[in-house]
Each structure stands twice: as structure tokens, then as C-alpha cells.
Amino acid sequence: MNFDEIHNRVGSHSVKWDMMETLYGVSPEDGLSMWVADMDFKAADVIQDAVKAMADHGIYGYYGDDASYRNAICWWMENRHGWTVDPSWIFTTHGLVNGTAICVDAFTQPGDGVVLMTPVYHAFSKVIRANNRRVVECDLRNIDGRYEMDFDAWDKQLDGSEKMVILCSPHNPGGRVWTREELEGVLAFAKRHDLILVSDEIHHDLVFPGYTHTPMANIDGAAERLIMMTATSKTFNIAGTHCGNVIIPDATLRAQFAARMAGLGLSPNSFGLHMTEAAYSPEGAKWADAVLEYIDGNRQFFDAGINAIPGLASMEMESTYLAWVDFSGTGMTREEFTDRVSKEAKIAVNQGPTFGSGGDNFLRFNLATPRAHVAEAVKRMQAAFGDLQ
């Protein structure tokens, strides 16, 4: 578990490194890639061993008898999150963007509104619009650099044509770990407006000391309208397996989802199932604890360096490995501060407006990388904005 080791990912068909010049104009030869949410760390040995065992076996047929895979998921949720899952509740999708798309397809109709609490993970709006549904942006309030929910404003905004709300918990890109009281508020909001509640909890293992993630499934009264989404991809850096879990406690909703899955002819990739089962183990838990401790160190280093630049503010991360930096204090236009980051600092980062309303003055930085990269990024940012100091 040497997270300081630097791996050259250029030329490995890495979206993060091999697409940075095409998308952001930053060359991988002298640039830093800190955008798409995957890590620059090798996967845990227990996962590598599972892949090697498959390779040694040498036969890659259809996957069957998934009881041990389902039981591993149940074990993880019970032991890491205090959430009791029945194995029969679990569906495996081609990642959670795919899971989100199936939820939108299965539980809403063309023209229906789907509520997002913005700014939020950009893939949600893409699949909503691609399914000919309407994105309804309910703005989070930025109170002294911390996002809060505004149910009173949202109640006035909805008109009854909305059928679903998608919650990002913990929140990407703001890093908030929603409190139990906030989650109870989300459920009450969904009930008032009769909304299916989809809770994307992909970052639930990446919560920093002092904060506690509460699964939406553990909020009393949620089950009858709840779709839970989890995955190993962010925690264990195996997003390329495209293996996500949609977990549905309610039998009626489960039947609807199963029917749509059958209609689409979807089945999981066997590599993803083997790797997920390996990850959700005591050995995997040790790796998850270690990587979180390392990222926490990156977070503290990055925030100290960025917040020392007048006009810049890195929103305090309670979870995830994604720093959300506010440039509004610089007085610059979005084009001006974005150019400084990409052209002067030569760092490829996610653009704030892609996350929806409220993102215009922000950029998102991925800190799941060796600390030397984080230190270099801070050095470059301080130089690029040196005239403000």
C-alpha cells in the first residue's frame, strides 16, 4: 500500500490521462490530470489476486452462482455501515450511471421532472435529458462555504410534474456528509411531492474522521419509495469494471426494476463480480482504511495551500476525494481563472458549470493521487495566482 508511488498512466487507455489534452488542452507531457474521479493508485492486493486467479484459470465463461458475491455485499453494508441488506434486494448494473439511467427509465415517463440538488454530479443530468425527462434544479444554499438544503424554497419551486428526486450522499462535488436530520428532511420532501427517491451513495466509504455517513435506507419510513445505489468503484479504484449495485428493499419497486432490466437484456461482467467480492472482505477493508487516511493527508495539504491564495476557497471536504474550489473571491471571470489553471498551472480539472446551477465559480480537483502530485498542483496554483498574494 505505497500510495506515494507514481505510476505513469499515459498511453494506458486512461480517460483521466489520455483524454486530458483533447478535453482540457493540457498536455500529459507536462500537465497534471486532476479531473475524472478515479485514483492514481494500484488496486488492493486482494483484488489483484482475484484477477490473477481468473487469468490463471484461463476460462472466461458466463458467471453463475452469485451467492458469495451477494453475501460479500451484505457483509460490507452490515459491518461498515450498519445497514442490513437482504441478498434478494440486489441488482448489478453496468456501473451507477447505468443504474441511474435504468431508474429514470423504469420509474418515470417522458416529460416527467426529475429533481436534482445542484450543483451535483454531472452524469445525472445527462442521463435524465437523454431519456427525454426534464431536469429540475433545486439549488443548494452555500452558507459560509458549506452546502445546506433549502426545503422551503424547493417546495415552492415544484409544480407536481416531478416524479423522482436523485440524492447524492455523500455529496459530489461539495463533499458534504448529510446529517440524519437532513436525510429525514429529504424523505419528508419526497413524501410531500410523492417522489421516488434514488440515493446514490457511491462515496459512502470515503468519509473523513469526525463525520458519519447514514445510509438513506436506515431512515425510518424510506423503504416504500427508496432506490439505493452503491459500488466498489470509487472506494477501491476499479471504476473500469463498470460494476454497480442497485439495492431495492420494496418488493413492488423491485419488480418494476427487474422488469426493465430484463427488457434491456442486461447482465454483469464477470470480472466486476469477482473484483467486488474480493474488495468486500477484511483485506479490502484494511486497504480502504489506509487509502482514506492517505487522502485525508492530501486533503489537508491541498486545502492549506489553496486557502493561502487570496480569493480562492477550497470547500471543506467531509468526504470523497474531490476538492471543490471557489474562485469567486478573485473577481475574475470564469474564463480568466479557468485559463490560469489550465494554461498557466497546466492542471486539467472539472469545470464547475457541468455540475449545474451554482457551479459557475468553481473547479473540481481530484486529490486521489500521490502527494507529490498534490504538492506540485499547489505550487503551480500559487504561481499562477501569484499576483493576488
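Cys 74 has a relative accessibility of 12% and therefore counts as buried (under 20% relative accessible area, with exposed over 50% and partly exposed in between, for a 1.4 Å probe and protein chains only). The model is predicted, so local features need pLDDT of at least 70 and side-chain atom pairs pLDDT 80 or more, while totals for chains, interfaces and linings use all residues. Residues are numbered from 1 along each chain as its sequence is written, and side-chain values use heavy atoms, without hydrogens and water.

The closest cysteine sulfur to that of Cys 74 belongs to Cys 243, and because the separation is 14 Å, it is too far for a bond. Cys 138 is also buried, at 0%; its sulfur lies 15 Å from the closest one, in Cys 168, again too far for a bond. The whole structure contains zero disulfides (pairs of cysteine sulfur atoms within 2.5 Å).

Helix H4 (residues 67-81) and helix H11 (residues 270-279) have axes that come within 9 Å and cross at roughly 40°. Axes are lines fitted to C-alpha atoms over the stretch in contact, with angles from 0 to 180 degrees between N-to-C directions; helices are DSSP runs of H or I of at least four residues, and strands are runs of E of at least two, numbered from the N terminus. Ser 68, Tyr 69, Ala 72, Ile 73 and Trp 76 of H4 meet Leu 273, Thr 276, Glu 277 and Ala 279 of H11 (heavy atoms within 4.5 Å).

In helix H8, the buried residues include Leu 183, Val 186 and Phe 189. The buried residues of H8 pack against strands S3 (113-118), S7 (162-168) and S8 (196-200) and helix H7 (151-157).
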